[in-house]
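Here's a quick briefing to read alongside the structure.

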Amino acid sequence: MPILVTGAAGFIGYHVAKRLLERGEEVVGLDNVNDYYDPSLKEARLRMLRDFPGFRFERIDVSDGPAMSALFAAVRPERVIHLAAQAGVRYSLINPHAYTQSNVTGFLNILEGCRAVSSSHLVYASSSSVYGANERQPFSEHHNVDHPVSLYAATKKANELMAHTYAHLYAIPCTGLRFFTVYGPWGRPDMALFKFTRGILAGERIPVFNEGRMIRDFTYIDDVVEGVVRVLDHPPVSDPSFDSKDPDPARSSAPYRVFNIGNNRPVVLLDCIHLLEDALGQRAEMEMLPMQPGDVTSTMADVSELEKRVGFRPSTSLKDGIEAFVKWYRGYYRV
């Protein structure tokens, strides 16, 4: 039975689809290939996926209800990995309607599709952003996530609530994955590491928010993909330990779970920039700026639940990951 991967032309979606194809799965990839960032990078990812005979691509927007219903009816995917979304915390301050359309309406269409064909497992992208104003670290799935500080984070929290509802009402196994600052080859141009690399090589001053004092749990793409695929193979079941009189956010009487996928080794942003300078062999000119609205000062993932469930925790060092990214960047852009 095919696996539906939404956002297949995106950064994480491309890598996940490729891993599944490499292990012999049949994959139907879906993406609207929008211009949030350079569509040519998305098209390049798709060209590589099309080299696999088990890959089929559908150019559809997840917020298009009739098109999504028709796709689910035609494909009848046994499992779904939903990675399509309007990304970016800062862009949510500029174009909020794009987030409700893609991340809320689009996710509802995914849930309805899974219900219609009785999919055996829905794995979907949440985000470390859901932890919002919580400053207790490392962030744990057992923590409350009721205080988002950006609309992007609010839509991801909404996804978790919607998934739990469908897991409860229709017994659809749903697993949400809270990704922590994913980076690596074929990354998104709107992410900091990508923008820093482009700016340093161009000899431009790079904007460094919160004067570089931000702390991030940078997670290499291969570790993220490994976590996604392992979780896909372990659909959740009802947790007999769930106590409805003292509910734990990480547990449920429904077939529902959420997991952090982070490196569990946070790094100060300035230290990340220094590692990037070393990999590029070039110094950065930095413009120190204040904190941006919607950002948080620090992220760190507790990955003990992921390790207990699937026997995996991310391990790629930031130094090794940055070197791999720079090698890809120089090769792809010929710089």
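Predicted model: local features only at pLDDT ≥ 70, side-chain atom pairs only at ≥ 80, totals over all residues.

**The whole protein**

- The protein has 10 helices and 13 strands.
- If you boxed up the C-alpha atoms along the principal axes, you'd need a box of roughly 55 × 50 × 40 Å.
- Of the 335 residues, 54% count as buried.
- Take the contacts between residues at least 6 apart in sequence: 82% of them join residues at least 24 apart.

**Helix 4 and helix 5**

- Helix 4 passes helix 5 in a right-handed crossing.
- On the helix 4 side, the contact is made by Pro96, Tyr99, Asn103, Val104, Phe107, Leu108, Leu111, Glu112 and Arg115.
- On the helix 5 side, the residues are Leu151, Tyr152, Thr155, Asn159, Met162, Ala163, Tyr166 and Tyr170.
- Sort the residues of this contact by class and you get 12 nonpolar, 3 polar and 2 charged.

- Asn109 sits in helix 4, which spans residues 96–117.
- Is Asn109 buried or exposed? Asn109 is buried, because its relative accessible area is 15% and the cut-off for buried is under 20%.
- Leaving aside neighbours within four places in sequence, Asn109 is in contact with Val62, Ser63, Asp64, Gly65, Met68 and Phe72.

**Helix 6 and helix 8**

- The axes of helix 6 (residues 192–202) and helix 8 (residues 269–280) come within 11 Å and cross at roughly 50 degrees. That makes helix 6 oblique to helix 8.
- Helix 6 passes helix 8 in a right-handed crossing.
- Which residues meet here? From helix 6 come Leu193, Phe196, Thr197, Ile200 and Leu201, and from helix 8 come Leu269, Cys272, Ile273, Leu276 and Leu280.
- By class, this contact has 9 nonpolar residues, 1 polar residue and no charged ones.

**More about helix 6**

- The buried residues in helix 6 are Leu193, Phe194, Phe196, Thr197, Gly199 and Ile200.
- What do these buried residues pack against? Their partners are strand 7 (182–183), strand 8 (205–209), helix 8 and helix 10 (318–333).
- After helix 6 comes Gly203, with a positive phi near 75 degrees.

- Ile200 belongs to helix 6 and counts as buried, at 2% relative accessibility.
- Setting aside neighbours within four places in sequence, Ile200 is in contact with Ile206, Leu276, Leu280, Gln282, Arg283 and Ala284.
- Ile200 and Met286 are 86 residues apart along the chain, and their C-alpha atoms are separated by 9.2 Å.

Methods: Residues numbered from 1 in each chain as written. Heavy atoms only, no water. Axes fitted to C-alpha atoms, helices over the stretch in contact; angles between N-to-C directions. Helix = DSSP H or I, 4+ residues; strand = E, 2+ residues; numbered from the N terminus. Parallel < 35°, antiparallel > 145°, perpendicular 65-115°, else oblique. Left-handed = near helix turned anticlockwise from the far one by under 90°. Contact = heavy atoms within 4.5 Å. Nonpolar A, V, L, I, M, F, W, Y, C, P; charged D, E, K, R; others polar. Buried < 20%, exposed > 50% of the residue type's maximum accessible area, 1.4 Å probe, protein only.
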